[in-house]
Amino acid sequence: MKNVLFIAPLAGGKGTQSDLLVEKYGYVHISTGDLLRNVNPESELRKEIEKIILSGALVPDEIVVNLLKDKLLTIKENEPFVLDGFPRNIEQAKKLEVLLKEINRTLDVVIYLDVPYEVSLKRTLGRLSCPKCKATYNKFFKPSKVDGICDKCGTTLVHRPEDNEETFNLRYETYLKETTPLIDYYKNLGKLVSVESNNVEDTFASVVSVAKND
Ligand SMILES: [Zn+2]
């Protein structure tokens, strides 16, 4: 299987598709968010990261790239990986390229999950989750049997306050501004494949056909 990076708008299905690759094809999921969260709490690096986050700044690329490098070096050469959360812009994409060359790895294909704005919005606004068993639902696409109640454990479902239209639109604008050039960048490198993201199964079938070695 090929090494993959997903690019997708908010609620574009990146997480779900990555999980399926892990589950069905033995991919290693590399999420830079997780890497940052998992830094040893006793380390100097952790203190530095916490200071940066508290100040409201973004963690510098150099720190993320170093964590990424350590993680990639733990992966066996025949194990495919899927990248999540990095790169988000061209500058980071170039840094990733340098890193991969240095450790003799490649990013083989960039899969753009194509989701219309309206669907992305509805998926976000409809998102509900169970605070007890962590099951997830969607008011529009995957409702619980009884409105607002978890099917599995009967707990009242919660909706995250940040999943509102105003916040969504702000984040969507940022996404477009940063990601459109990134899409063009990978298109020029001949690595971009666009996949229509509709229901999970059909989308995954397309993803697998792209990610399989020829
Ligand atoms: Zn539940």
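How are helix 1 and helix 8 oriented to each other: roughly parallel, roughly perpendicular or oblique? Helix 1 and helix 8 are oblique to each other, where angles under 35 degrees count as roughly parallel, over 145 as roughly antiparallel, 65 to 115 as roughly perpendicular and the rest as oblique. The structure is a predicted model, in which local features need pLDDT of at least 70 and side-chain atom pairs count only at pLDDT 80 or more, while totals for chains, interfaces and linings use all residues. Residues are numbered from 1 along each chain as its sequence is written.

The axes of helix 1 (residues 14-25) and helix 8 (residues 200-211) come within 10 Å and cross at roughly 60°; axes are lines fitted to C-alpha atoms, for helices over the stretch in contact, with angles running from 0 to 180 degrees between N-to-C directions. Helices (H or I, at least four residues) and strands (E, at least two) are DSSP runs, numbered from the N terminus. The crossing of helix 1 and helix 8 is right-handed, meaning that the near helix is turned clockwise from the far one by less than a right angle, a crossing being left-handed if the turn is anticlockwise. On the side of helix 1, Thr16, Gln17, Leu20 and Leu21 meet Val200, Thr203, Phe204, Val207 and Ala211 in helix 8, with contact taken as C-beta atoms, placed from the backbone, that lie within 7 Å. The residues of this contact of helix 1 with helix 8 comprise six nonpolar, three polar and no charged (Ala, Val, Leu, Ile, Met, Phe, Trp, Tyr, Cys and Pro count as nonpolar, Asp, Glu, Lys and Arg as charged, and the others, Gly among them, as polar).

For helix 4 (residues 61-73) and helix 5 (residues 90-102), the axes come within 11 Å and cross at roughly 35°, and this crossing is also right-handed. Asp61, Val65, Leu68 and Lys69 of helix 4 make the contact with Gln92, Lys95 and Leu99 of helix 5, giving three nonpolar, one polar and three charged residues by class.

Five strands form an open sheet in the order 2-3-1-4-7, with parallel pairing, two strands being paired if DSSP finds at least two bridges between them. Strand 2 (28-31) and strand 7 stand at the edges, each with a single partner strand, so one side of each is left without a neighbour in the sheet. From one strand to the next, the twist averages 25°. Strand 4 (residues 109-114) and strand 7 run parallel and are joined by five bridges, and Tyr112 has Ser194 in strand 7 as its bridge partner.

Several loop residues complete the description. Most residues other than glycine have a negative phi, and most peptide bonds are trans. The peptide bond from Phe86 to Pro87 is cis, with omega near 0°, and Pro87 is placed in the loop between strand 3 (81-84) and helix 5. Asn104, in the loop between helix 5 and strand 4, has a positive phi of about 65° although it is not a glycine. Asn104 is exposed, with 7 other C-beta atoms within 10 Å; a residue is buried if 20 or more other C-beta atoms lie within 10 Å of its own, exposed if 12 or fewer, and partly exposed in between, with C-beta atoms placed from the backbone. Lys134, in the loop between strand 5 (127-129) and strand 6 (136-138), has a positive phi of about 70° and counts as exposed, with 10 C-beta neighbours inside 10 Å.

Conventions
Two residues are in contact if their C-beta atoms, placed from the backbone, lie within 7 Å.
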